[in-house]
Structure formats: C-alpha cells, structure tokens
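Reader: I would like to learn how to read the covalent links and charge pairs in a protein model. Could you walk me through them?

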Amino acid sequence: MGSGEEDTGGGGGAVRGAVLKALVVVGGVLLLRRLRRSTTRWDHARAVADALSGEKVTPRLPHTGLLLGSRGIPMRPHWKFFSREQARKDPDNFFNLRMLTCPATEMVDGSRVLYFEQAFWRSPEKPFRQRFYMVKPCPKEMKCDVELSSYAIRDAEEYKNFCDRQKDQRPQPEEVIADIAEHLTTIHLSRCGRGKRCLYEGSTPPEGFPNNWSGASYCTSDLSIHKNGEVHIWDKGFDDEGNQVWGTKVGPYEFKPAPKSKYDDMFSPLNFSAPLSLEKLDKAYVIDDQ
C-alpha cells in the first residue's frame with residue numbers, strides 16, 4: 001500500500017516536471033517571436049517610405065498596422081492620392097490636387113530615395129511641384145523615428161510623370177543619384193501614440209528652412225501618415241516678420257488614396273469648378289516654390 005502511494009507521487013512529480021519543461025519551451029518560443037517582431041529604426045523608415053509610395057501588400061508590420069510585402073517591407077496597393085473631398089467641401093481654401101510618390105533608388109547606406117510630384121487633377125501631365133524625398137532613420141541622439149528630407153531635382157523636366165512610366169523609360173538609379181540637387185527641408189517623424197488616428201507625424205524645426213517664394217524668407221512643413229492610408233501635408237511660407245505669405249491657413253491638405261480602378265471617377269464633370277484667380281492660386285498653394 002505504501003509502495004503504491006510512493007509510485008503515484010513519483011509519477012505526479014514526473015508530470016509536473018514535464019509540464020514545467022513545456023512551459024519553459026513555450027515561453028522561450030514566445031519570447032523569441034516577440035524579439036523577432038520588435039520594430040527597428042529601419043522598419044520605421046521603410047514603413048514611412050512605403051506608406052508614401054504604396055505597393056501590393058500582405059501581412060502586417062508589428063506595432064504599426066502597416067502591411068508587409070514578400071520581402072518583409074511594408075506596402076499597400078499602388079495608389080495615387082487626391083484632395084478631392086476637401087476641394088468639394090471647402091473650394092475657397094483647397095484645390096483638388098493629385099499627389100504621387102514612388103521609389104526612385106536606394107542609397108548605399110540603405111536610405112530610400114522617392115520621387116514626389118503634385119499636380120492639379122485636371123492636368124496630371126504638368127506637375128507644379130517635383131521633389132526627391134530621402135527617407136532614413138533619425139540619428140540615434142534625436143527623439144524621433146524617421147527623417148524625411150526633400151531635395152530639388154537637377155533636371156526636373158526629365159522626371160515629369162516618373163511614376164506613371166515603365167521602369168525602362170525612367171531615369172535609371174545612377175542618374176537619380178546624380179540628379180539629387182540642393183537640400184530643401186527635413187521633417188522629423190515619430191510614431192503616433194496609442195489612440196491617435198495617425199501612424200507617424202512630424203514637422204520641420206520651428207525656424208523652418210530658407211524659401212524665397214512669393215515674398216517668403218522661410219517655410220515650414222507638417223506631415224502625418226494615417227491608419228486609413230491618408231497623408232496630410234501642411235506647407236506654409238513666412239516673411240521676415242513671421243507673417244504667413246503662402247500656404248493654406250485653415251489646416252493641412254488631406255490626401256486620400258484612390259485605387260487605380262477609381263482614377264476615372266476623378267474626371268467626372270461634377271469635379272469641374274469655376275476658374276480661380278491667379279492671386280488665390282499663389283496664396284493658397286505654392287506653384288513653383290524653391
């Protein structure tokens with residue numbers, strides 16, 4: 001009788017040991033997965049670059065809600081962005097603009113170079129603003145996640161509608177690098193806190209960057225990337241006394257993504273509005289800023 005009880009106790013200890021070992025193994029696997037899923041500085045930079053440009057997507061990037069492509073790079077379907085809704089609701093302050101951004105090349109250090117252009121929706125073949133964006137992690141000493149810098153293009157005419165062309169009809173990567181001209185602005189983006197609509201948001205330093213368009217002496221920019229795919233941009237120019245001389249005063253442009261299948265909807269006669277004065281055009285939006 002005593003012997004049987006002893007055997008039972010030994011069996012129970014063995015079971016408890018096996019369970020403990022299993023828990024340790026499972027815990028280790030979960031910890032390893034968590035470590036593997038941790039978001040690095042370069043993950044943030046790639047997330048921002050692909051949120052601005054857009055590609056086909058599959059799984060999600062941990063902690064951001066963005067999706068991952070076949071190489072683990074966050075992407076989404078190739079969309080163009082329009083401010084159509086804002087223009088309808090507030091035509092006195094906003095135009096229906098098309099914004100298009102796509103990958104142009106990658107630098108040796110891993111920084112991504114994007115081509116960016118904006119045009120009025122009725123004349124997409126004539127962009128009024130063309131830039132290169134360089135996207136990389138913020139320096140370690142800074143309290144931000146992503147550094148987004150804009151650069152002028154040495155021969156902008158050669159890059160018109162860059163994203164709409166076949167890759168063999170575009171300037172090639174080595175040409176892109178050679179055509180990166182003077183630095184214009186830098187926005188420092190940080191991941192948005194819990195409960196906010198955005199994924200990343202940031203701005204230029206308060207003192208802005210030199211700009212001489214339409215009486216300005218400096219300009220500032222605010223940018224946010226939202227969970228629903230929207231990109232909000234607020235560019236403003238100020239004179240020496242701090243008076244705003246160009247850019248909207250009521251808030252940022254809200255660019256909403258439009259899948260390729262819906263491009264034709266943008267050209268409905270309902271979208272045509274009354275002609276706008278050149279004065280309004282200049283003050284509400286920068287047509288050829290420097």
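Author: Gladly, and let us start with one link: with -90° about the S-S bond, the disulfide of Cys102 and Cys163 is left-handed. Cys102 belongs to strand E4 (residues 97-106) and Cys163 to the loop between E7 and H4, so this pair ties together parts that are 61 residues apart in sequence. Keep in mind that this is a predicted model.

Reader: What is a disulfide in general, and how far apart are the sulfur atoms of Cys102 and Cys163?

Author: In general, a disulfide is a covalent bond between the sulfur atoms of two cysteines. Here the sulfur atoms of Cys102 and Cys163 are 2.1 Å apart. Both ends are covered too: Cys102 is buried, and Cys163 is buried as well.

Reader: How many disulfides are there by this rule, and in which pattern are the bonded cysteines joined?

Author: The count comes to 3 disulfides. Counting bonded cysteines along the chain, the pattern is 1-4, 2-3, 5-6. Another of these links joins Cys138 to Cys144, with 2.0 Å from S to S. Its two cysteines, Cys138 and Cys144, are both buried. Cys192 and Cys198 also form a disulfide, again with a sulfur separation of 2.0 Å, and both Cys192 and Cys198 are buried.

Reader: Now to the charges. How many salt bridges are there?

Author: First the idea: side chains of opposite charge can pair when their charged atoms come close. In this model, the count comes to 12 salt bridges. One of them pairs Arg46 with Asp43, their closest N and O atoms being 2.7 Å apart. Arg46 and Asp43 are 3 residues apart in helix H2 (residues 41-53), which means that about one helical turn separates them. At 26% relative accessibility Arg46 is partly exposed, whereas Asp43, at 13%, is buried.

Reader: Which parts of the chain does the pair of Asp50 and Arg112 link?

Author: Asp50 and Arg112 meet in a salt bridge with an N to O distance of 2.7 Å. This pair links distant parts of the chain, with Asp50 in helix H2 and Arg112 in strand E5 (residues 112-120), 62 residues apart. Asp50 and Arg112 are both buried.

Reader: What about Asp222 and Lys236?

Author: They form a salt bridge whose closest N and O atoms are 3.9 Å apart. Asp222 lies in strand E11 (residues 218-226) and Lys236 in strand E12 (residues 231-238), so the pair ties together parts 14 residues apart in sequence. Asp222 is partly exposed at 28% relative accessibility, while Lys236 is buried at 13%. Elsewhere, salt bridges with shared partners join Lys80, Arg98, Glu117 and Asp164 into one network.

Reader: Which residues form the negative surface patch?

Author: Asp155, Glu158, Glu174 and Glu175 form it. Asp155 sits in the loop between strand E7 (146-153) and helix H4 (173-178), and counts as partly exposed at 35% relative accessibility.

How values were computed. Residues numbered from 1 in each chain as written. Predicted model: local features only at pLDDT ≥ 70, side-chain atom pairs only at ≥ 80, totals over all residues. Heavy atoms only, no water. Patch = residues over 30% accessible without salt bridge, like charges linked within 9 Å, V, L, I, M, F, W, Y side chains within 5 Å. Areas by Shrake-Rupley, 256 points an atom, 1.4 Å probe, with all protein chains shown as cover. Salt bridge = Lys/Arg side-chain N within 4 Å of Asp/Glu carboxyl O. Lys, Arg positive; Asp, Glu negative; His and termini not counted. Charge placed at Lys NZ, Arg CZ, Asp CG, Glu CD. Helix = DSSP H or I, 4+ residues; strand = E, 2+ residues; numbered from the N terminus. Buried < 20%, exposed > 50% of the residue type's maximum accessible area, 1.4 Å probe, protein only. Disulfide = S-S within 2.5 Å.
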